[in-house]
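Visitor: Please take me through one part of this model in detail. I would like to look at a pocket.

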Amino acid sequence: MPAPELLDPAASAWTISAEPLADVLADLDPDDLLLALPVPAGGLPTTGNGAKALALVGLDAAQVSATHEPKSDAGALTAIPLAPGERPARKVLLVGVAEGSPADLRAAGAALGRAGKGHAALVTTVGAGGTRAGQSALAEGLALGGYSSPRWLGEGAKPSPSPAAEVALVGSYDEPSVRHAVVRARASMLARNLAVVPSNTKNPAWMAAQARTLAGRSGLDVRVWGERELRAEGFGGLLAVGGASATPPRLVQLDYVPEGATARTPLVVLVGKGITFDTGGLDIKPVDGMLAMKTDMSGSGIVLAVLAACRQLAVPVKVTGLLALAENAVGAAAYRPGDVVTQYGGRTVEIGNTDAEGRIVMADALAYADLHLEPTVLLDIATLTGAARVALGRSMAPVYATDDALRRALVSAGEATGELLWPMPLVEDYRASLDSDVADISHIAGTGGGGGSISAALFLREFVGARRWAHLDIAGVGRSDVDRGLLTKGGTGFGARLLLTWLEEMS
């Protein structure tokens, strides 16, 4: 699949209209039109706007309720086909919105987005007159529910269904909230697209090329370090991890500067783990553990997608993204357990396990940011540890931070977008487990200590200086094995909407 299709995920054309529903329907071709109406807690109302909307397509609300018994559970869907050519719609979708909370509306939107795939138009009043948070959640759900993961197919094969060609929201909606929600959802789609690219295509050089393309489209400055520059400037972690790969490592820097920025405008630096494939290195992974490792660059894909969306959302602070890109391969030049690696900035690290490579490439990027970029806030995001998945499963991610206000702001942004974070401690007593007899620090804790996600965070903290810093370990939530709701199998893009919401609210 060519890069332009990956970098421009298929999306609906969105319209928002305050005109009467009857007028909106009259202006659209009914042959492939879906009309979606809400079913709140308590059941389908037999009077009011919902009943009037059903009457427009020749249905009686009381009869529909008695016949179809539509459920009000968030995302529950009842489909009522209509005779072609006789009504202003081809099908009515009754979608449960439960109590109408943002989470309920996000689930309802996802169900409608999935139902709308392959259709010409989806018209809905769901969320009309509600809160901005609820309408944003609905729009996120609609956009992400309509997303299909890219596929690499032979000639003549049936492609994945596209989202509804047009989504029309009818009623009272806060248009800026809806538009921004769609932009954030598209950032998640972009991150997902990048995550599922096969690693025989996706290597550090390929990722750097995508970054250059997106930088040109999004008005970003870009710099790429190749192997020669990395060696000359002392990025020993990236060089060690990527040493056995046929494609050498890269470091990519992307810079967004808002209109009217001054020297006093805060700078946020985002660092993304970009392991384009992870064999585990000489400490090789088992077969099942290696299967999903094309998504081990999800952190870098998320950072790239966030940077690409900043200008559309008029993010008010300066943002720099650092993509630490390498392939952890097996070969004669692979780094070994027991090696001592000199990270950027001069700190030496004893290698305990070559399959803990993410923190090694991240340490180089974090140290570079601390020593040269002067960030107001430094944040990293990575599919880092299986321990995070064991601790919190697939529904929320741990967040570590050196600043309480920063931690609270990130947790709040996660609650707003449904990308939930759980605050985790940087346990000082565990730091001693990273002591090394031969180097400044070991990159993994000694055997039997447990707390693997915490010790990984403590290792990364060694490279951020005195900066306000946060670490998101998305190993559990960064991949999905299911295809339902907002999720598709493969990379989830978890964190893209969260980070954009957080950045939009900064000043």
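By class, how many nonpolar, polar and charged residues does the lining of the largest pocket have?

Guide: The lining has 12 nonpolar, 17 polar and 16 charged residues. (Ala, Val, Leu, Ile, Met, Phe, Trp, Tyr, Cys and Pro count as nonpolar, Asp, Glu, Lys and Arg as charged, and the others, Gly among them, as polar.) The model is predicted; local features need pLDDT of at least 70, side-chain atom pairs need 80 or more, and totals for chains, interfaces and linings use all residues. Numbering starts from 1 along each chain as its sequence is written, and side-chain values use heavy atoms, without hydrogens and water.

The largest pocket holds about 990 Å³ of space. (A pocket is an open set of points on a 1 Å grid over the protein atoms alone, where a 1.4 Å probe fits, with protein on both sides within 12 Å along at least five of seven lines; lining residues have an atom within 4 Å of a point. Volume is the space filled by probe spheres set on the points, which are joined across faces, edges and corners.)

Its lining counts 45 residues. Nearest the centre lie Lys-285, Gly-289, Met-293, Arg-389 and Arg-479. Two or more lining residues come from each of strand 9 (267–278), helix 11 (287–290), helix 13 (358–373), helix 14 (386–392), helix 16 (452–461) and strand 18 (479–480). (Helices, H or I, have at least four residues and strands, E, at least two; both are DSSP runs numbered from the N terminus.) Helix 14 gives the most, with 3 residues.
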